[in-house]
Amino acid sequence: MRFIFWLRYMVKTAAFRSYRGLFYVFLRLIRYCQSIVNGKEEDFRKRPGGLAFSQSGTNQPDSQPAPPVSLAVPLLERGSQPPTDIITPDHITLIPITPLEVNRYGRNVRVKDEYEAFLVEKGPLDCSEELAPVAEWEPLTQPEGAMIFYQPYKRVFTDVDVRDPQIIVKIDKAVEKAYHEARNASIPLDSFVELGLELIVKDGEEMWGYYFVDHKKRVIFWFEDYRSDSLMSRIRGVERKSHIKYALESQYWRHIELFPNKRILPEDIVVELKEFVMYAQADSVTSQTSLVPFTSNEIASILSLVHLLRKSANKNREHSVWIAARIMKHLCETKFVNFYGQPGTRLDVEKSLYGKSDAPKNKLSRAVNAMIGRWQESKAFHKVWVDGRIVHARWEQYMDKLNSDWNGYTIFSTVMVAVDVSFLAVPSVQTQDEVIILLYTSTFSAMCSLLITLSLVTQVNEQLRGSNTAVVSYLNTMAAGSVLDSESFPFMLSLPFGFLMLGVSCFIGALLSAILVSWLLRSTSVTFVWDLLWYLLRMWYRNTSRFIVYLWNRIIERVSPTVTTPLEV
């Protein structure tokens, strides 16, 4: 019956398929018959591309590999190679680390500081000896240019230069001990698990940092319980496994970023990345409080890269793998920081997860802000500094605004100094002590504003234009050493404006004082003249009235002695 079934299928296929497909069906039929004779029919049915599973197998040759399901590097089998001696993992100290602690960018390996023209030998250049595997460790070049080493039979990646004979012995022992301890801890190590190693020298003692990578779950793990500050990223309030998994996934993508070689980029990851970036672009365009960790221009550039990544799907392209890992790492970090999928998740970039308001709670901070009058400076700062982290998408705009304000303070301070000096040169002001004191205070305040602004532009601006990690470290250090806590930075930014306002106020006071003194002097002179005129008028009136009375009396005496005089009325 089975033979008749296969024969009917062959005829049906011949009616609708090409001769090439018919030939392929004959080959499959012969193999099926062989499997029945050998008693391995089930192996034939489970084989990829078998007729029992899908008709698509009739269009694909057996040699075509299936699409990758993860970023795991294919594990090589030793085959007929002679087995190596088992290395006893004694005197090797293993400590758990995260990929963030791989000190690739701080090794400072010195290059010979002597110039000599390199002698190129005759014939085509052959670098095969330098790039040949060393005791099964294959040297590779990461897309950024770093040299890495890979052990294909045990799937181990490291940055350590294994070409040193002493190092190669120690790292082989470290590999054996790591796998031995994992087996003792009853941790399953399938073909999707990799091992990362890093040599750490502390106080003259050599230790090997390790971590395992699970490509199925996209996490890193260890064979022991571990609390890691580098994994937490100073995030407070982490209580659930469903939350910490995003930190572990972020470290997973950091491992892929460090070691992207020999990996095939699955199409599913490209599609997932595209979905994330499309959502990020839509959210940043339609919301003013988006949690997306990129600016609009950065998202547009990333989206164009993702479109190009689709051409590298299911292919061995380490540069494409590195690009996908770098972007996915940042997206997973954002999920972890914002408590993605947790009851207290942050949905507004300005929202504090710990119930803290933007207004300063320090009484000294309130008093200083009230005295300087720069509440807006503190409010603007807390829109880009939330829960001890900077909002990257807003930080550049915030720094550009600060630089614009600082340029304005520099111009106003310079003008203020020139006006104060010109006012001091007025002759009438030089005799007024109160005006001189106010003008000196105004000049000093304007100079302080100018000097502080120049200091902010030359020193602080340089510190705040670095990486996010460097900026956060600088601001945390400033807050830790100040009585104003997190308000120390906005207070420092308010100093140029505060001194400038003090200088303007003193100048206005000096101007009003000079005008008032001049007016008072003029008022006293007018009063004196008026009093003098009034006195003269009264004296004139008295003398004139007496003369008139005297003249009247003389006339009356001569005319009639009985007429009443004006004084008798």
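Arg163 has a relative accessible area of 43%, so Arg163 is partly exposed. Here buried means under 20% relative accessible area, exposed means over 50%, and partly exposed lies in between (1.4 Å probe, protein chains only).

This is a predicted model, in which local features need pLDDT of at least 70 and side-chain atom pairs count only at pLDDT 80 or more, while totals for chains, interfaces and linings use all residues. Residues are numbered from 1 along each chain as its sequence is written, and side-chain values use heavy atoms, with hydrogens and water left out.

**Around Arg163**

Arg163 sits in the loop between strand 4 (156-158) and helix 4 (165-184). Helices (H or I, at least four residues) and strands (E, at least two) are DSSP runs, numbered from the N terminus. The side chain of Arg163 makes a polar contact of 2.9 Å with the side chain of Asp161. A polar contact is a pair of N or O atoms within 3.5 Å; within protein, one must be able to donate a hydrogen and the other to accept it, and residues adjacent in sequence count only if both atoms are side-chain atoms.

Which residues does Arg163 touch, not counting those up to four places away in sequence? They are Val134, Met147 and Phe149. Contact means heavy atoms within 4.5 Å. Phe149 is 14 residues from Arg163 along the chain, and their C-alpha atoms are separated by 9.7 Å.

**Salt bridges**

Side chains of opposite charge can pair when their charged atoms come close. A salt bridge is a side-chain nitrogen of Lys or Arg within 4 Å of a carboxyl oxygen of Asp or Glu. How many salt bridges does a search of the whole structure find? It finds 19.

| Pair | N to O distance |
|---|---|
| Arg218 and Glu249 | 3.9 Å |
| Lys329 and Glu257 | 3.0 Å |
| Arg346 and Asp387 | 2.4 Å |

Take the salt bridge of Arg218 and Glu249. Arg218 lies in the loop between strand 6 (205-214) and strand 7 (219-221), and Glu249 lies in helix 6 (residues 241-258), so the pair ties together parts 31 residues apart in sequence. Both Arg218 and Glu249 are buried.

Next comes the salt bridge of Lys329 and Glu257. Lys329 is in helix 9 (residues 318-337) and Glu257 is in helix 6, 72 residues apart. Lys329 counts as buried at 6% relative accessibility. Glu257 is buried too, with a relative accessible area of 6%.

Then there is the salt bridge of Arg346 and Asp387. Arg346 is in the loop between helix 9 and helix 10 (363-372), while Asp387 is in the loop between strand 8 (385-386) and strand 9 (389-390). The two are 41 residues apart. Arg346 is buried, with a relative accessible area of 6%. Asp387 is buried as well, at 18%.

Salt bridges also form a network, which links Arg104, Arg107, Asp159 and Glu198.

**A buried glycine**

Gly209 lies in strand 6. Its relative accessible area is 0%, so Gly209 is buried. Thr98 is 111 residues from Gly209 along the chain, yet their C-alpha atoms are separated by 8.4 Å.

**The second largest pocket**

On a 1 Å grid over the protein atoms alone, a pocket is an open set of points where a 1.4 Å probe fits, with protein on both sides within 12 Å along at least five of seven lines; lining residues have an atom within 4 Å of a point. The second largest pocket holds about 760 Å³ of space. Grid points are joined across faces, edges and corners, and a volume is the space filled by probe spheres set on the points.

The lining of the second largest pocket has 26 residues, and Ile220, Phe221, Trp222, Ile244 and Leu248 lie nearest its centre. Helix 6 gives the most to this lining, with four residues.

**The loop between helix 8 and helix 9**

Ser312 is in the loop between helix 8 (296-309) and helix 9. Ser312 is buried, with a relative accessible area of 8%. A polar contact of 2.9 Å joins its side chain to that of Ser320.

Asn314 is in the loop between helix 8 and helix 9. Asn314 counts as partly exposed, at 31% relative accessibility.
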